[in-house]
Amino acid sequence: MNTFSSPVGQPLDRVDGPLKVTGQARYAAEFGTPHLLHGSVVSSTIARGRVRSIDSREAEALPGVVLVLTHQNRPPIASYDEPYEDDDAAEGSPFRPLYNDRVLYSGQPLALVVAESLELARHAGSLVRIAYDSEPHQTDLLVARDQAHEAPAETPEPRGDFAGAFAAAPHKIEQEYVTPVEHHNPMEMHASTVHYQPGGDLLIHEKTQGVQNCQRYVEDVFGLKGRIRVLSPFVGGAFGSGLRPQYQLPLAVMAALKLKRSVRVVLTRQQMFTFGYRPRSIQHLSLAANETGQLQAVGHRAIGQTSRFEDFTEHEVEWSGMLYRCDNVSLDYRLAPLDVFTPIDMRAPGATLGVYALECAMDELAHASGIDPLQLRLVNFAERNGNQDKPYSSKELRACYAQGAERFGWARRSMEPRSMREGHELIGWGMATGVWEAMQMPASAKACLEPDGRLVVSSATADIGTGTYTVMTQIAAAAMGVALDKVEFRLGDSSLSQAPLEGGSATVSSVGSAVQQACALLQAKVLDAVQQFPGSPFAGASLDDVTFVDGRLLLKRDPSVHVDLGEVVRSNGTLEAEARVEPGEKRKEWATATHSAVFVEVRVDEALGTIRVARVVSAIAAGRVVNPKTAGNQIVGGVVWGIGMALQEETLIDHRLGRYMNHNLAEYHVPVQTDVPDVEVIFVEEHDSVVNDLGSKGVGEIGIIGVAAAVANAVYHATGRRVRDLPITLDKVL
Ligand code: MOS
């Protein structure tokens with residue numbers, strides 16, 4: 001008997017951890033080259049209008065300043081007059097930096113100052129004088145809400161008779177919820193280091209969630225097919241901000257092409273607020289229930305903001321048509337164009353907003369009808385996805401409710417608001433459900449056995465801190481039957497096998513499946529090679545007759561017959577296999593989703609109104625968990641962000657200027673250590689044979705979904721105050 005236990009399911013430490021904590025992991029702005037030039041972006045100070053003139057003489061006169069790049073002297077660009085798209089592009093025409101004299105939003109890059117040092121470039125940037133012809137702008141969604149148009153998204157058709165059922169029901173609520181603009185604020189700033197190679201090819205170190213997306217973008221925009229390689233081995237957080245190429249990339253490329261030199265452009269923290277963000281939203285929820293709490297009508301209308309040049313859409317209202325069983329549903333989603341940059345996906349895009357509003361509304365309905373909030377969810381449990389009219393491939397949400405409630409002690413909650421207190425603190429208990437799609441996208445991976453017995457597996461995916469290096473190592477070790485320390489996983493290089501953007505919680509499902517398949521194909525090649533050896537004891541054996549354990553190939557019926565994989569390679573030469581995996585056909589008949597139940601305790605100082613989150617329990621159903629440690633980290637990170645969304649995060653705009661005011665981490669508040677209690681994460685057992693061969697659904701997004709609602713519901717329970725515009729700051733509860 002072998003004692004080799006599967007590496008999948010183990011709480012393995014991050015394999016890239018030592019590189020990160022010793023500073024050996026290098027990020028996009030840390031790759032240098034002798035005589036590297038530094039670019040600094042000069043941004044617009046108006047929200048709409050035209051550039052009348054740019055006076056860069058004073059900047060250019062400084063010794064060491066080599067270029068001030070503007071729309072007037074940028075190099076010709078192959079497709080700048082044609083709309084081009086990246087893999088995460090919204091409908092419309094993507095923003096083109098330095099295209100012409102139009103100013104489309106405040107903070108738009110209008111010039112790039114290139115100099116021998118970053119300090120010099122930034123100083124010179126402050127000397128560039130830009131004169132504008134301003135035009136009136138609108139940046140306030142609340143003012144422009146009536147100008148919203150239908151979103152170009154596939155919002156599910158209405159079903160049943162929403163209006164009739166709503167009117168007839170005994171219990172109902174109808175409320176509006178408003179959420180602010182939020183920004184991703186990853187620790188690592190967006191950066192591009194463009195190495196100009198002899199002959200004019202470009203090697204680009206980029207902060208991105210998709211090296212091949214950036215490669216294609218630069219190839220298409222600049223007409224450099226086959227001459228671009230993009231590397232991104234480490235990413236210091238992205239959360240969606242790296243799904244699209246951001247403007248520092250084309251700016252750095254332009255400067256490199258014009259000067260035929262290597263150039264780096266790093267955005268400042270302030271400039272991190274000058275591209276995509278989570279859009280402000282206005283959501284209108286109408287819920288009605290009968291005497292026993294069964295939903296009779298669900299209505300969800302949402303308005304989001306977008307730019308004037310693209311229609312950013314996300315799945316915001318769909319969740320209300322599927323999370324609970326209801327026959328009468330009406331969903332509507334609109335967009336209001338403003339003089340702002342286009343929003344971009346931000347952790348659990350759409351669901352974070354839509355489920356927040358739905359789950360607050362469910363809590364309001366529970367209190368309006370005198371039913372325990374958890375009981376209301378159970379009464380309306382959906383066995384099928386009502387939007388698609390399909391059964392779920394697996395849905396252990398009941399186990400999430402049961403185990404989460406048990407651990408939290410939910411049964412001891414008293415229904416009345418303001419009914420639980422300790423000294424001067426009001427105690428509130430709130431809960432919410434979370435849901436996210438379990439997606440899979442086509443992906444490829446390559447597995448290669450080396451003469452020393454090491455297994456090198458690769459794919460052009462990313463690790464944005466989520467643990468991709470680690471979980472792919474585990475999947476490969478398990479699939480190939482080799483020890484974890486014999487596996488090396490490579491990613492973040494556009495020359496590797498095709499991979500989708502790292503997003504949507506789909507990397508394990510997509511790339512993990514390809515890794516597993518590549519290893520399976522490699523095993524067949526190993527057996528084939530072994531059978532070519534003269535007098536091979538494996539002659540005539542099929543894959544069913546053998547097993548791969550601990551770096552060896554064994555005959556099942558006689559394990560004393562074995563061969564070391566390294567030895568096979570040393571005799572045969574390097575063996576490799578590449579696999580491409582598409583989402584399985586059987587997925588089509590099923591709805592696939594991850595679920596969660598979140599329970600929160602808040603304590604509110606009655607005199608001061610300060611709100612403290614005291615406890616969080618999050619129970620997750622996400623199929624098979626490859627690594628409970630990295631997956632648990634994802635959930636905790638999501639919970640922290642949900643606390644921030646509920647209580648702190650808000651990018652404030654001065655609408656007179658159309659400009660963000662708190663564009664820094666001093667004034668854009670995020671939770672810090674003392675704001676976050678111990679977060680208990682439970683992964684409930686869930687088996688799924690439909691989503692993919694791993695049975696794993698992905699956990700990147702589900703952690704944040706529902707958290708803000710659970711906090712808001714807890715604040716209501718503590719104080720009796722329903723705050724429907726986030727964040728819930730103390731002035732709103734006093
Ligand atoms: Mo995530 S918002 O799909 O990076």
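Colleague: In which loop is the place of D550?
Modeller: This is a predicted model. Phi of D550 is near 55 degrees, a positive value in a residue that is not glycine. The residue sits in the loop between β25 (546–549) and β26 (552–555).

Colleague: Does D550 count as buried, exposed or partly exposed?
Modeller: A residue is buried with 20 or more other C-beta atoms within 10 Å and exposed with 12 or fewer. D550 has 15 C-beta neighbours inside 10 Å, so D550 counts as partly exposed.

Colleague: And F239, which also has a positive phi: is F239 buried or exposed?
Modeller: Most residues other than glycine have a negative phi. F239 has a phi near 60 degrees and lies in the loop between β12 (228–231) and α7 (248–259). Because 28 other C-beta atoms lie within 10 Å, F239 is buried.

Colleague: What is the form of the peptide bond from L726 to P727?
Modeller: P727 is in the loop between α15 (707–719) and α16 (730–733). Omega of the bond from L726 to P727 is near -5 degrees, and the bond is cis.

Colleague: How far apart in space are D452 and V569?
Modeller: D452 is in the loop between β22 (443–449) and β23 (455–458). It counts as exposed because it has 10 C-beta neighbours inside 10 Å. D452 and V569 are 117 residues apart in sequence, and their C-alpha to C-alpha distance is 8.1 Å.

Colleague: In what order do the strands of the five-stranded open sheet run, and which are its edge strands?
Modeller: The order is β8-β17-β15-β14-β9, with mixed pairing. Each edge strand pairs on one side only, and these strands are β8 (149–150) and β9 (171–179).

Colleague: Which strand runs parallel to β15, and which pairs with β15 in the antiparallel sense?
Modeller: Nine bridges join β15 (residues 295–306) to β17 (residues 329–337) in parallel; R301 has D332 as bridge partner, and I303 has R334. β14 and β15 pair over nine bridges in the antiparallel sense, with A289 opposite L295. The parallel partner is β17 and the antiparallel one is β14.

Colleague: Which residue in the turn between β14 and β15 has a positive phi?
Modeller: β14 and β15 form a hairpin with five residues between them. In that turn, a positive phi of about 95 degrees belongs to G293.

Colleague: At what angle do helix α11 and helix α12 pack?
Modeller: The axes of α11 (residues 468–480) and α12 (residues 507–532) are 9 Å apart, and α11 passes α12 in a right-handed crossing. The residues of the contact divide into 12 nonpolar, five polar and no charged. The packing angle is about 30 degrees.

Colleague: How many residues of domain 3 are in contact with domain 2?
Modeller: The domain assignment gives domain 2 as 31–136 + 187–238 + 242–273 and domain 3 as 281–439 + 588–733. Their C-alpha centres lie 37 Å apart. On the domain 2 side, 17 residues take part, with eight nonpolar, four polar and five charged. On the domain 3 side, the number is 21.

Technical notes: Residues numbered from 1 in each chain as written. Predicted model: local features only at pLDDT ≥ 70, side-chain atom pairs only at ≥ 80, totals over all residues. Helix = DSSP H or I, 4+ residues; strand = E, 2+ residues; numbered from the N terminus. Domains from an automatic or database assignment. Contact = placed C-beta atoms within 7 Å. Nonpolar A, V, L, I, M, F, W, Y, C, P; charged D, E, K, R; others polar. Pairing = 2+ DSSP bridges. Axes fitted to C-alpha atoms, helices over the stretch in contact; angles between N-to-C directions. Left-handed = near helix turned anticlockwise from the far one by under 90°.
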